[in-house]
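Colleague: I would like to learn how to read side-chain packing from a model, taking one feature at a time. Could we go through an example together?

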Amino acid sequence: MTVAQWADKNRVLDLISSKPGPWRTDFTPYTRVPMEAFTDKEIERIILVWGTQSAKTECINNMIGYAVIRTLAQ
(Lines give C-alpha, C1' and ligand atoms only; values in the text may rest on other atoms or scores of the structure.)
Protein backbone atom coordinates (compact mmCIF):
# COMPACT_ATOMS: atom_id res chain seq x y z
CA MET A 1 0.00 0.00 0.00
CA THR A 2 1.33 3.43 -0.90
CA VAL A 3 1.17 6.52 1.32
CA ALA A 4 -1.57 8.02 -0.86
CA GLN A 5 -3.60 4.80 -0.73
CA TRP A 6 -3.14 4.59 3.04
CA ALA A 7 -4.21 8.22 3.47
CA ASP A 8 -7.25 7.82 1.22
CA LYS A 9 -8.31 4.80 3.26
CA ASN A 10 -7.49 5.97 6.80
CA ARG A 11 -7.12 9.75 7.16
CA VAL A 12 -10.01 11.90 8.30
CA LEU A 13 -9.61 15.68 8.43
CA ASP A 14 -11.23 17.46 11.36
CA LEU A 15 -13.92 20.12 11.18
CA ILE A 16 -11.47 23.05 11.17
CA SER A 17 -9.99 21.80 7.90
CA SER A 18 -10.98 23.57 4.69
CA LYS A 19 -12.31 20.19 3.48
CA PRO A 20 -13.34 18.24 6.60
CA GLY A 21 -14.00 14.53 6.33
CA PRO A 22 -12.10 11.75 4.59
CA TRP A 23 -8.75 12.67 3.03
CA ARG A 24 -8.85 12.43 -0.75
CA THR A 25 -5.57 12.70 -2.63
CA ASP A 26 -7.61 13.61 -5.71
CA PHE A 27 -8.51 16.94 -4.03
CA THR A 28 -4.79 17.82 -3.99
CA PRO A 29 -3.24 15.66 -6.71
CA TYR A 30 0.12 17.46 -6.44
CA THR A 31 0.59 15.77 -3.03
CA ARG A 32 0.70 12.30 -4.62
CA VAL A 33 4.28 12.56 -5.96
CA PRO A 34 5.96 13.58 -2.66
CA MET A 35 3.91 11.00 -0.75
CA GLU A 36 5.03 8.29 -3.14
CA ALA A 37 8.63 9.54 -2.96
CA PHE A 38 8.49 8.94 0.80
CA THR A 39 8.65 5.17 0.28
CA ASP A 40 11.27 5.27 -2.49
CA LYS A 41 14.53 3.87 -1.05
CA GLU A 42 16.57 5.93 -3.57
CA ILE A 43 15.25 9.27 -2.27
CA GLU A 44 16.94 10.74 0.80
CA ARG A 45 15.28 14.16 1.00
CA ILE A 46 11.90 15.56 0.03
CA ILE A 47 11.53 19.32 -0.21
CA LEU A 48 8.04 20.83 -0.53
CA VAL A 49 8.08 24.28 -2.11
CA TRP A 50 4.44 25.28 -2.40
CA GLY A 51 2.39 28.31 -1.55
CA THR A 52 0.75 28.77 1.82
CA GLN A 53 -2.34 26.77 2.74
CA SER A 54 -1.69 24.15 0.06
CA ALA A 55 -1.72 20.86 2.03
CA LYS A 56 1.99 20.66 2.94
CA THR A 57 1.28 19.85 6.58
CA GLU A 58 -1.38 17.29 5.70
CA CYS A 59 0.98 15.69 3.17
CA ILE A 60 3.62 15.36 5.90
CA ASN A 61 0.99 14.07 8.36
CA ASN A 62 0.11 11.37 5.83
CA MET A 63 3.75 10.32 5.56
CA ILE A 64 4.18 10.22 9.34
CA GLY A 65 0.94 8.29 9.84
CA TYR A 66 1.96 5.78 7.20
CA ALA A 67 5.38 5.31 8.82
CA VAL A 68 3.94 4.90 12.32
CA ILE A 69 1.34 2.34 11.27
CA ARG A 70 3.87 0.45 9.19
CA THR A 71 6.31 0.37 12.11
CA LEU A 72 3.67 -0.81 14.56
CA ALA A 73 2.60 -3.56 12.15
CA GLN A 74 6.11 -5.07 12.11
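Predicted model: local features only at pLDDT ≥ 70, side-chain atom pairs only at ≥ 80, totals over all residues.

Colleague: How many aromatic pairs does the structure hold, and how should I read their geometry?

Modeller: There is one aromatic pair in the structure. Y30 and W50 form it, with 5.1 Å from centre to centre and 85 degrees between the planes; since planes over 60 degrees apart count as edge-to-face, this pair is edge-to-face.

Colleague: Which parts of the chain does the pair link?

Modeller: It links distant parts, 20 residues apart, with Y30 in the loop between β2 (21-22) and α2 (32-37), and W50 in the loop between α2 and α3 (56-73).

Colleague: Which residues make up the largest nonpolar core, and which element gives the most to it?

Modeller: A nonpolar core is built from buried residues joined through their side-chain atoms. The largest one here has 11 residues in all, namely V3, A4, W6, A7, L13, W23, M35, A55, C59, M63 and Y66. Both α1 (3-10) and α3 give two or more residues to this core, and α1 gives the most, with four residues.

Colleague: What does A4 touch beyond its neighbours in sequence?

Modeller: Leaving out residues up to four places away in sequence, A4 touches T25, R32, M35 and E36.

Methods:
Residues numbered from 1 in each chain as written. Heavy atoms only, no water. Phe/Tyr/Trp six-rings, centres within 6.5 Å; stacked < 30°, edge-to-face > 60°. Core = buried A, V, L, I, M, F, W, Y, C linked by side-chain atoms within 4.5 Å. Buried < 20%, exposed > 50% of the residue type's maximum accessible area, 1.4 Å probe, protein only. Contact = heavy atoms within 4.5 Å.
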